[in-house]
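Q: I'd like to learn how to read aromatic ring contacts in a protein model. Could you walk me through them?

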Amino acid sequence: MANKLTWLGCAFLAVTACATALLLAQEGGTYAVLYRSAWRDGIDPRLTLQAPAPDSISSVAMPQFGGVALKVTMHRSEDFAHVASGTPRAEIVFAPVVHFAIGKEYEVRWTTMIPAGYQLDSRQPEIITQLHQSGFTGSPPFALMFAGGQYRVDVRGGSPASTRSFTFGVGAPALDAGKVVNWLLRYRPDDEGANALTDLYKDGVRVVHSTGSVNAYPGDKDAYLKVGIYKWWWKTRPSDVSDRTMYYGDVEIAERRAQR
C-alpha cells in the first residue's frame, strides 16, 4: 500500500507540474532556478528557523508528497518570547539563500497539506506562506492565509492604505484537508505599482490576479520567502484552537529571464 501511495503521489505531482509548465510556456519567457529545496536530504542548514522549539520544524516521511515533507507544528501554550518579534510562529526562512528585488520577476512553487481533521480558527487568521520585506517593520507584501473559513491573500506595500485583500475558496481549506495542494506564485515587485504583478495559482487555476498596485516596500531589494504558520494574535486574542500543524512539499524559486 505504501508503494502504491507513493506512486500515486508522484503521478499527481507530475501531472500538476506539467499543467503548470504548459501554462507558463503559453505566457512566454524562461525561468532560471535560484533555489530548490530537498526535504528528503533534511533541512538545508543555511535556512533559518523561527520556532518555539527545536522540533517544531522537521522533515518527515510522507507518501502523499512522494516521500518526504516538511512538518511545521506549534502549540499555543509554548513560549514564543525568544522567537522573531516574540509572536507565535513556526516558519522556515529562505533569506540566506535567495531574495526578491524590485524590477525583477519571479516564480515560486510549493505544495501544502492541511492535516485531516484540521480545525480552522473562526476567531483569527493564520498565515501559511509569506513573502517578507527586509529592513522594514509592518505586514508582509504577500501573505497567504486561512481567514473566515476560506483562503485569503493580502498584497501591500509600505503604506497600510496600499493593502489589497483577495478571498477565494469558500470552505476550501476544510475540503483540502488531507490533500496535497499545489501553489504557483508569479511575482513582479514594484514599490510604485505601475509594473507590479501578483498572480497566485492553486492547482493550476488562477485564484488571485493583481496588477498596477503596490506590492513591495520602498526600494526593497532583499525581500524573502517564509513558509510555515504565523498566528500573530494567538497570545493576545480569543482563538478556537490550541495546536497547529501543516505540511509542506519542496519549494522552488526561479527568476524570469528575458527572451533572446
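Predicted model: local features only at pLDDT ≥ 70, side-chain atom pairs only at ≥ 80, totals over all residues.

Q: How many aromatic pairs does the structure hold?
A: There are 12 aromatic pairs in the structure. Take Tyr-118 and Phe-146: their centres are 6.1 Å apart with 65° between the planes, which makes the pair edge-to-face.

Q: Where in the chain do Tyr-118 and Phe-146 lie?
A: Tyr-118 is in the loop between β6 (106–113) and β7 (126–132), whereas Phe-146 is in strand β8 (residues 142–147).

Q: Are Tyr-118 and Phe-146 buried or exposed?
A: Both Tyr-118 and Phe-146 are buried.

Q: Why is the pair of Phe-168 and Trp-183 edge-to-face?
A: Look at the angle: planes over 60 degrees apart count as edge-to-face. The planes of Phe-168 and Trp-183 are at 65°, with the ring centres 6.4 Å apart, so this pair is edge-to-face. Phe-168 comes from strand β10 (residues 164–168) and Trp-183 from strand β11 (residues 180–188), so the pair ties together parts 15 residues apart in sequence.

Q: How do I judge burial for Phe-168 and Trp-183?
A: Buried means under 20% relative accessible area. Phe-168 has 9%, so Phe-168 is buried; Trp-183 is buried too, at 3%.

Q: Which residues do ring pairs link into a cluster?
A: The cluster consists of Trp-110, Tyr-118, Phe-146, Tyr-151, Phe-168 and Trp-183.

Q: And which charged residues lie over rings?
A: Arg-244 lies over the face of Tyr-118, 4.0 Å from the ring centre. The charged end of Arg-89 sits over the ring of Tyr-230, 4.1 Å from its centre.

Technical notes. Residues numbered from 1 in each chain as written. Heavy atoms only, no water. Phe/Tyr/Trp six-rings, centres within 6.5 Å; stacked < 30°, edge-to-face > 60°. Helix = DSSP H or I, 4+ residues; strand = E, 2+ residues; numbered from the N terminus. Buried < 20%, exposed > 50% of the residue type's maximum accessible area, 1.4 Å probe, protein only. Lys NZ or Arg CZ within 6 Å of the ring centre and 35° of its normal.
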